[in-house]
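Have a go at each task before reading its solution.

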Amino acid sequence: MSRAAANHGPQKAPCAETMTSQNISLPRFTLRDVFSFPVMLVAWIVLVVIRLAERNLPDPDIWWHLRNAQYLFENYHLPSFDTYSFTVAGQPWINHEWLAEIPYYLAYRTNGLMGIEILMLVLLEAIFLGVLFLCYQRSRHIKASILACWIAVFFATINFGPRTVLFGYACIVILLAVLERFRTRQQAPLWILPVLFCLWINSHGSWSLGILIFGFFIVSGFVQGEWGRLMSQRWTAPELRKLLVAFAASCAALFINPYGYRLVLYPLIYATRLPLNIASTEEWQTVNLHALRGKVVLVVLAGLFCSALMTNYRWRLSDLGLLLFAFYSGLTYERFLFLAGIIAAPVIAEMLYFVPPYRPEIDKRWLNAAIIVGILAFVSYRFPSPADLDKQVAEQYPSEILPYLESHELAGRVFNFYDWGGYLEWNVPKMKVFVDSRVDIFEYAGVFGDYLKAHTLVDAEGVLDKYQVRYVLFPSQQPLTKALRSNPDWKVLYSGQISTLLERQAVK
Amino acid sequence: MTHLPPDDPSPESKVASIGDVGISKKALHGVFSFPVFLGAMVVVCAVTMTVWDHAPVIGGKVFVEGDTWWHIAVGERILSSHTWPTRDGYSFTVSGSPWIAYEWLGEIVLAFVARWGGLPGITALLVLLGAAIGLLIYYLSWLRCGNCKAAAVATILVLPVAAATFTMRPQMMGYILLLVTLICLERYQQGQSRALWILPIVFLVWVNTHSSFSLGLLVLGVYWMAGLFEFRVGFLEASRRPAGKSRHLLWMTFLCLAAVMITPYGPRLALYPVEVVLRQRFITSVATEWQTLQLSAPYAQVFLALLLGLFLVQIVSPATYRIEALALLLFAIVETFIHARFVMFSAVILAPILSTVVSKWLPPYVRSRDHPIVNAAFIVVILVSLLELFPSAAKLQKNLAANYPVGAVQYLRSHPEVGPMFNTDSWGSYLIWAIPGRKVFIDGRYDIYEYGGVLSDYVNLIHLREDPDHGMQKYGLRAVLLSPGNDLEKYFENSPAWRNVYRDSTSVIFVLEKSPDSGGVTTITAPK
């Protein structure tokens with residue numbers, strides 16, 4: 001049994017677009033195909049991704065990413081210690097995502113917030129078109145691939161935003177595409193992988209997931225056999241040699257970074273030394289199954305279980321292992337749902353063999369063309385304007401207080417809202433913040449723990465005294481703001497719809 | 001068909017082998033058999049997870065549930081007045097509003113045990129109920145798979161999940177009745193139609209004990225529906241029952257439906273689950289047990305691992321599922337993920353399925369190879385260790401003081417002049433029980449507080465979403481009982497209008513500041 005055919009269940013129905021040979025290259029598109037039914041469905045995916053992502057611009061991290069990149073462009077070297085806060089000033093810090101920050105900074109310099117918005121959307125669309133490619137690569141069934149890609153889109157909404165992790169997920173898609181090509185054709189451009197991992201480690205910590213995927217892919221080919229509907233095929237010696245060389249080169253490439261082994265160890269440190277961050281950050285929480293995304297996850301899980309009962313789909317060991325890992329991670333920590341979507345989509349596409357195949361001969365191209373044009377028109381019409389983007393930011397960040405901060409020198413330390421740290425660093429560079437969403441450096445120093453104590457009013461007074469805080473800049477509706485407002489030791493300097501600035505009457 | 005799980009492949013031979021030895025040895029074989037030993041193991045696991053503070057997954061369960069206290073208080077009131085309450089008499093916020101004791105039978109049991117045995121009695125009841133649930137899961141699994149070893153393994157695997165809900169509430173009795181229903185249906189499925197006759201009585205008790213009887217009706221409906229189809233798709237099968245047998249189940253279901261109307265409140269109690277779904281939206285959005293399953297919790301990790309393991313096993317070594325088992329499993333899993341309180345239902349449904357899977361790898365029990373004396377020795381050791389695990393009265397009192405405002409209650413008893421007081425929900429329940437006659441702001445009876453609009457005000461207050469002074473004025477509050485470190489506690493500590501009059505490591509009381517001549521409160525600090 002060839003590797004390409006090995007995973008296809010015996011009930012698999014023949015598809016019109018299924019290729020009989022092991023040639024898995026994508027079909028060649030002609031002008032006529034531009035207005036085909038599959039292209040129209042892809043246009044829907046593009047539209048939905050834009051609609052789901054366009055309101056996610058104000059991510060708390062993007063501001064300090066911009067500030068980091070700005071520092072790099074101005075000083076031509078990476079920071080090795082903190083310069084943005086007064087709480088951990090001068091302490092060692094690794095900018096572990098420096099490479100991914102550069103495109104966002106350049107986009108901002110080119111076109112302001114609109115530049116960031118466009119870059120984010122382009123990245124997301126590229127990822128999902130990549131996922132669609134993965135699905136088609138596996139299933140040879142365009143309609144099933146598009147359905148599976150929809151699932152991946154819903155899973156991924158947790159990480160929609162101008163985030164460096166998008167580069168990481170793009171790398172995962174590329175990695176999976178190369179590995180799948182190698183599995184089916186016994187040859188693939190494995191030389192890409194060391195380059196990929198070199199770029200990846202400098203862009204985002206998710207490279208560790210890539211190494212895990214790559215490693216499990218290799219290890220699953222150490223055994224051969226069939227266990228029920230689970231199967232694995234052993235690598236031939238040349239295959240294994242190629243894979244091991246590529247893996248070793250990829251591991252070596254990880255050390256090509258400005259911080260050496262420290263950047264390689266970073267994911268391990270993140271997972272073990274940041275318990276407060278993991279316990280208190282929303283994306284590290286369990287999937288909220290009351291939300292639509294959570295319900296989609298449940299439906300998919302139930303569907304997979306039913307398919308295990310009712311179909312003869314035969315699983316590859318690598319698929320099953322990665323899928324179990326991805327779902328376990330995704331359910332436990334919601335941020336990994338993006339990964340679960342990417343891993344699950346190709347398998348789901350393959351399982352959806354019963355979906356009627358695409359039949360070009362009955363396609364109504366004029367109707368597809370009309371819908372595609374309609375989608376393009378809708379995207380153009382509803383695409384957020386620069387003013388919309390400014391409004392999005394103003395709804396979540398204290399932009400209203402910026403003129404006040406420009407005109408008034410705050411002669412003392414400021415205790416700021418966690419999500420606003422990066423925004424203040426970017427917009428008020430002279431202000432040293434208490435905390436920002438880099439988290440790591442603040443948690444190591446115990447500052448993040450103190451922040452939480454103050455934020456949740458467990459010991460606000462003690463924390464504000466400890467750091468000799470004179471000003472508090474917090475959302476107007478937060479309990480801390482209300483508590484300080486009622487405290488005679490504090491007076492309100494500025495009060496807006498979003499933010500309130502309070503000053504202590506006498507610093508202890 | 002056999003009444004007993006078909007574990008031993010040759011029951012006749014073993015009867016012959018021991019028949020001439022005498023009744024006493026036969027009885028010894030029965031009482032100290034290996035399945036009984038496994039049952040004892042299940043009991044020790046269930047009890048460990050119920051009472052032991054250092055249990056590997058869940059411990060110290062006796063006092064985690066605030067509702068225990070108001071359930072006892074309501075049961076006590078029914079026992080003493082011989083009437084069923086129809087209006088609230090415990091709070092000053094919704095005083096006199098219509099309210100029914102929808103778990104009155106369970107509450108009477110709790111009150112009777114509390115009256116008879118105090119804290120140790122309540123703890124003993126919790127332990128007994130936990131052990132009974134463990135044993136019933138074990139028996140149900142044994143019936144399903146016919147392999148007592150696999151049943152014990154499956155039960156012990158799901159116990160960490162089930163034990164998450166082992167708290168002293170009438171729902172524990174509801175779970176037992178659910179298991180009894182499932183056992184009856186399993187026996188019916190195996191040809192024992194007479195097993196169904198007990199169900200109307202079960203439902204009569206159940207509807208008066210806990211609203212989970214609705215799950216029982218769902219189970220009955222699913223079993224009946226499943227018997228209408230005949231198919232096999234992959235590893236999923238349904239077999240149509242003979243018309244007479246199916247009709248029998250249908251009639252029993254109707255009788256059960258009739259039985260749930262027999263309550264002191266008429267059909268209102270039977271319709272209460274509908275009321276929960278339609279009228280208690282806010283409760284389901286704020287109550288922890290109605291929230292999404294938090295997979296960071298150890299019991300939820302076990303649950304997820306079991307599900308992923310089941311999925312893996314289904315691929316590696318497929319088992320055939322009956323349609324009703326799959327339908328109930330999917331319903332249970334989805335409900336559990338969305339509403340964590342259904343985790344017990346999942347455990348009950350999951351255990352027999354797991355036992356069927358595990359039974360493939362475990363040889364069946366053979367009685368002729370059993371060693372009753374060895375079993376007896378182990379059972380005795382287990383029983384002795386159970387006694388050791390049981391918490392002492394002093395430890396129970398210490399646990400109570402660590403979780404509830406025992407010192408503050410003493411203060412309030414000696415200062416009856418303290419006016420309407422704000423309290424948290426679980427402590428409200430404790431106050432109802434500890435200071436009969438003192439009206440509370442809120443307690444665990446969320447339904448009546450949601451209808452009265454108090455619950456949303458309470459949530460806003462406790463999370464400082466609105467000005468606390470405004471809330472205090474709205475309800476004419478003169479005092480506040482909180483735990484130290486609470487958000488609100490910091491607020492009142494900083495507020496000049498409020499004065500701290502009591503503080504210990506568990507609780508703190510503030511009163512609205514009065515002029516020195518009109519006051520009657522004095523500041524005290526609990527001895528360290």
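**Exercise 1. Aromatic pairs**

Task: Find how many aromatic pairs there are over all chains, then classify the pair of W63(A) and Y397(A).

Solution: This is a predicted model, and the count over all its chains comes to 59 aromatic pairs.
- Step 1: The ring centres of W63(A) and Y397(A) are 5.6 Å apart, and the cut-off for a pair is 6.5 Å.
- Step 2: The planes of W63(A) and Y397(A) meet at 75 degrees, so this pair is edge-to-face; the class asks for an angle over 60 degrees.
- Step 3: Now place both rings in the chain. W63(A) belongs to helix α3 (residues 60-75) of chain A, while Y397(A) lies in the loop between α16 (386-396) and α17 (402-407) of chain A. The pair links distant parts of the chain, 334 residues apart.
- Step 4: For burial, the limit is under 20% relative accessible area. W63(A) has 4% and is therefore buried; Y397(A), at 2%, is buried too.

**Exercise 2. A second pair**

Task: Are the rings of F197(A) and F214(A) stacked or edge-to-face?

Solution: 
- Step 1: The centres of the F197(A) and F214(A) rings lie 6.4 Å apart.
- Step 2: Their planes are at 10 degrees, so F197(A) and F214(A) are stacked; the limit for that class is under 30 degrees.
- Step 3: F197(A) sits in helix α7 (residues 192-201) of chain A and F214(A) in helix α8 of chain A, 17 residues apart.
- Step 4: F197(A) is buried, with a relative accessible area of 0%, and F214(A) is buried with a value of 0%.

**Exercise 3. A ring cluster and charges over rings**

Task: Which residues do ring pairs link into a cluster, and where does the charged end of R445(B) sit?

Solution: 
- Step 1: Ring pairs join a cluster whose members include F86(A), F415(A), F417(A), Y418(A), W420(A) and F434(A). Also among them are F448(A), Y451(A), Y467(A) and F474(A).
- Step 2: In chain B, the charged end of R445(B) sits over the ring of W99(B), 4.8 Å from its centre.
- Step 3: K245(B) places its charged end over the ring of Y188(B), with 5.0 Å to the ring centre.

**Exercise 4. Two cavities**

Solution: 
- Step 1: There are six cavities of 30 Å³ or more in the structure. The largest cavity holds about 270 Å³ of space. It is lined by 19 residues, and those closest to its centre are L301(A), A302(A), F305(A), L307(B) and I333(B).
- Step 2: α12 (292-310) and α13 (317-332) of chain A, with α14 (298-316) and α15 (323-338) of chain B, each give at least two lining residues to the largest cavity.
- Step 3: Of its 16 lining residues, R138(A), L176(A), E180(A), D319(A) and L322(A) are closest to the centre.

**Exercise 5. A hairpin**

Task: In which sense do β6 and β7 of chain A pair?

Solution: 
- Step 1: β6 (residues 490-495) and β7 (residues 499-504) of chain A pair in the antiparallel sense, over five bridges.
- Step 2: Three residues lie between β6(A) and β7(A), which form a hairpin.
- Step 3: Opposite Y494(A) stands L501(A) in β7(A).

Terms used:
Residues are numbered from 1 along each chain as its sequence is written. Chains are lettered from A and ligands numbered from 1 in the order in which they are written. This is a predicted model: local features need pLDDT of at least 70, side-chain atom pairs count only at pLDDT 80 or more; totals for chains, interfaces and linings use all residues. Side-chain values use heavy atoms; hydrogens and water are left out. On a 1 Å grid over the protein atoms alone, a cavity is a set of points where a 1.4 Å probe fits but cannot get out, and a pocket is an open set with protein on both sides within 12 Å along at least five of seven lines; lining residues have an atom within 4 Å of a point. Grid points are joined across faces, edges and corners, and a volume is the space filled by probe spheres set on the points. Helices (H or I, at least four residues) and strands (E, at least two) are DSSP runs, numbered from the N terminus. Rings of Phe, Tyr and Trp (its six-membered ring) pair if their centres lie within 6.5 Å; planes under 30 degrees apart count as stacked, over 60 as edge-to-face and the rest as tilted. Buried means under 20% relative accessible area, exposed over 50%, partly exposed in between (1.4 Å probe, protein chains only). A charge sits over a ring if NZ of Lys or CZ of Arg is within 6 Å of the ring centre and within 35 degrees of the ring normal. Two strands pair if DSSP finds at least two bridges between them.
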